[in-house]
Amino acid sequence: KAEDIKEIFRKKQHRGVDIPPDEELMRDSLAELNKLVGLQELKSDIHEMVKLVRYYREIGKDVTRSFSLHSVFTGNPGTGKTTVARIMARIFRALGVLERGHLVEVDREELVAGYIGQTAIKTAEKIDAAMGGVLFIDEAYSLMGSSDNDFGKEAIEIILKRMEDNRGEFVVICAGYTGEMENFTGNLISPIIPRMNCLQLRKLF
């Protein structure tokens, strides 16, 4: 019945768990962020994001449907990308956006296999492990590969699809060198992002 189909979609759209904010975790996480040397623009962006999410929750607006929390971190090694991603995961948990607030860190080797069908399995396993937290993809540009037959593109497609199918259940943060990440996101914007309509890229470094 049409009513049954509508009910299925209604439940799918509202399947998220109501997670209470954790103010103690928020204080600790923001204190850790503020102790980092430099990164003033980044810190300001995160504080503004916290204010916005809090406001949306106060007025009963669905944060995950209002704007994207997925991010791209660019910068050289040693600029603190992984550290900030771990802090952001805890901030998202403290805000009640994510259920667990843990970080699953991966690179190309942990997502891409050399045989047909294996990449989908490896990528799905890492995404499942990141449910309720953040999937942090280091050197994400390497997923593009060097040929049209590279299995890294399959991993990208799977991640983007799960970002839509599991919207609000986990956050993806891609990281890497500035130049390589600009090329990576530039290649994604044309063939993939408009079709998925779910990823808003924010440069935080």
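Throughout these legends, buried means under 20% relative accessible area, exposed means over 50%, and partly exposed covers what lies in between (1.4 Å probe, protein chains only). The model is predicted, so local features need pLDDT of at least 70 and side-chain atom pairs count only at pLDDT 80 or more, while totals for chains, interfaces and linings use all residues. Residues are numbered from 1 along each chain as its sequence is written, and side-chain values use heavy atoms, with hydrogens and water left out.

**View 1. Y55 and Y56 form a tilted aromatic pair.**
Rings of Phe, Tyr and Trp (its six-membered ring) pair if their centres lie within 6.5 Å; planes under 30 degrees apart are stacked, over 60 edge-to-face, and the rest tilted. This rule gives 2 aromatic pairs. In the pair shown here, the centres of Y55 and Y56 are 6.1 Å apart, with 50° between the planes. Y55 is partly exposed at 45% relative accessible area, whereas Y56 is buried at 14%. Look also for K61: its charged end sits over the ring of Y56, 4.8 Å from the centre. For that label, NZ of Lys or CZ of Arg must be within 6 Å of the ring centre and within 35 degrees of the ring normal.

**View 2. Y141 and Y177 form another tilted aromatic pair.**
Their ring centres are 6.4 Å apart, and the planes make an angle of 45°. The pair links distant parts of the chain, 36 residues apart: Y141 is in the loop between β3 (134-138) and α8 (152-165), and Y177 in the loop between β4 (171-176) and α9 (178-189). Helices (H or I, at least four residues) and strands (E, at least two) are DSSP runs, numbered from the N terminus. Y141 is buried, with a relative accessible area of 19%, while Y177 is partly exposed at 32%.

**View 3. Parallel strands pair with one another, β1 with β4 and β3 with β2 and β4.**
Two strands pair if DSSP finds at least two bridges between them. β1 (residues 71-74) is covered on both faces, with S71 and F73 buried on one side and V72 and T74 buried on the other. In a regular strand, side chains alternate between the two faces of the sheet. β1 and β4 run parallel over 4 bridges, and T74 stands opposite G176 in β4. The parallel strands β2 (residues 103-106) and β3 are joined by 4 bridges; E105 has F136 in β3 as its bridge partner. Between β3 and β4, also parallel, there are 5 bridges, and L135 is partnered by V172 in β4. β3 itself is mostly covered, with 4 of its 5 residues buried.

**View 4. K43 is a buried lysine without a salt bridge.**
A salt bridge is a side-chain nitrogen of Lys or Arg within 4 Å of a carboxyl oxygen of Asp or Glu. K43 belongs to helix α3 (residues 40-58). The nearest side chain of opposite charge is E32, 12 Å away; here Lys and Arg count as positive and Asp and Glu as negative, with His and the chain ends not counted. Setting aside residues up to four places away in sequence, K43 touches L33, N34, L36 and G38, where contact means heavy atoms within 4.5 Å.

**View 5. R90 and E32 form a salt bridge.**
The salt-bridge count is 8. In this one, the closest N and O atoms of R90 and E32 are 2.2 Å apart. R90 lies in helix α5 (residues 81-95) and E32 in helix α2, so the pair ties together parts 58 residues apart in sequence. R90 is partly exposed at 23% relative accessibility, and E32 is partly exposed at 34%.

**View 6. R108 and D150 meet in a salt bridge.**
The N to O distance is 2.9 Å. R108 is in helix α6 and D150 in the loop between β3 and α8, so the pair ties together parts that are 42 residues apart in sequence. D150 is buried at 16% relative accessible area, whereas R108 is partly exposed at 26%. The C-alpha atoms of D150 and A113 are separated by 9.7 Å.
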